[in-house]
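User: I would like to learn how to read strands and backbone angles. Can we work through an example?

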Amino acid sequence: MRLINCATLKFEEFIGKNIPPYAILSHTWETYEISYKEYNELGNPRLKPGPQAEKIVKTCDIASQEGFSYVSRFRLQGSAHADGLTVDELIAPRDVYFYDSQWRYYGQKRDLAPIIAQITGISSIVISSGRFRPSSYSVAERMSWASRRETTREEDIAYCLFGIFSVNLPLLYGEGPRAFIRLQEEIVKNSTDLTIFAWQEPKPETRGIRGVFARSPSEFAHAKGILAWPRINPEYAITNRGLRIEAKLMPTGGLKDRGIGQSALFMSLWCRRGYMSASHHVGIWLKNYHGTYFRIRADELPVRDEAVEVDAGSRRLLYIARDIEEEEEEEDKETKVQTVDPSTPVRFLF
């Protein structure tokens with residue numbers, strides 16, 4: 001691990017367990033950011049004008065005043081940091097100090113917790129306490145914490161969430177929206193929390209069907225307060241046919257008049273919203289196309305009563321498509337229809 005010595009302003013490398021305490025500089029990505037190579041060629045950064053070198057010098061001075069001898073500036077090392085603080089950086093450290101671009105001090109995160117909570121949607125208790133247990137919050141709620149984030153690089157919206165989901169994946173800049181799908185696939189490998197599928201698109205897709213995975217954390221904007229049912233450990237896995245899962249399915253009942261259709265089925269996600277009674281299930285609508293299920297009416301998270309309806313369903317083995325690739329050309333989007341015709345070519349990601 002490379003750290004900057006606050007006294008010499010030079011990089012030093014530490015290996016294994018011999019890493020000293022250090023402060024971290026997290027900042028907004030600007031049009032130009034000095035590279036690791038460029039920094040090493042500066043000579044004495046204190047003598048070089050410009051905001052890029054000044055960031056490092058100021059951070060080292062402040063860190064020294066707080067008793068630290070080293071600073072980590074991950075952007076020089078190409079880490080997974082998105083614009084500004086990552087979600088993990090915001091909630092994990094006990095102490096976070098906020099400064100503006102002119103190095104005016106605004107306060108510590110514990111003092112600014114109500115404001116940060118209002119902006120980010122993260123619980124003020126989580127922000128101020130510096131104690132975070134992932135198991136205390138559903139996957140969907142943790143995703144909602146990043147629903148308002150914007151990043152310069154599209155992939156960083158996924159990479160900035162690695163910490164709160166205990167995920168470690170290679171960074172593949174250039175993969176675009178595939179980064180967020182890859183993150184969800186990795187979460188599924190290590191979790192039995194079905195709330196990962198409790199997302200809602202802002203408005204219905206033109207074609208009317210989706211895969212089981214969200215395309216962005218923004219689709220979890222309404223997932224705050226979703227609680228996973230305790231002691232529910234369904235087994236599911238990603239296969240070459242999509243998500244394989246055994247689940248109970250319920251018919252739509254009297255919802256045909258809403259355009260859902262008799263062939264649509266309700267699948268419980270074994271969760272509820274915090275204000276709901278314990279007997280209610282939040283779920284999703286599924287529809288079978290040639291042996292593979294797809295999500296329909298993805299702007300909805302329907303609710304059913306567990307005692308009356310969900311237990312009446314039959315458990316069956318399902319394969320649900322992971323995603324449906326979005327058309328790239330604008331003219332293709334204009335020709336999409338509300339229903340899927342078997343003769344219409346649609347690209348699926350299983």
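**Strand S14 and its surroundings**

Analyst: Start with a pairing: strand S13 (residues 280–289) and S14 run antiparallel and are joined by five bridges. This is a predicted model, where local features need pLDDT of at least 70, side-chain atom pairs count only at pLDDT 80 or more, and totals for chains, interfaces and linings use all residues. Residues are numbered from 1 along each chain as its sequence is written, and side-chain values use heavy atoms, with hydrogens and water left out.

User: What counts as a strand, and what as a pair?

Analyst: Strands (E, at least two residues) are DSSP runs, numbered from the N terminus. Two strands pair if DSSP finds at least two bridges between them. Here, Asn288 has Tyr293 in S14 as its bridge partner.

User: Which strand do two bridges join to S14?

Analyst: Strand S7 (residues 209–210), again antiparallel. Ile209 stands opposite Ile296 in S14.

User: What about phi?

Analyst: Most residues other than glycine have a negative phi. His290 takes a positive phi near 55°, in the hairpin of S13 and S14, which has two residues between the strands. Arg297 has a positive phi of about 50°. Arg297 lies in the loop between strand S14 (292–296) and strand S15 (303–305).

User: Why does Arg297 count as partly exposed?

Analyst: Because its relative accessibility is 25%.

Key
Helix = DSSP H or I, 4+ residues; strand = E, 2+ residues; numbered from the N terminus. Buried < 20%, exposed > 50% of the residue type's maximum accessible area, 1.4 Å probe, protein only.
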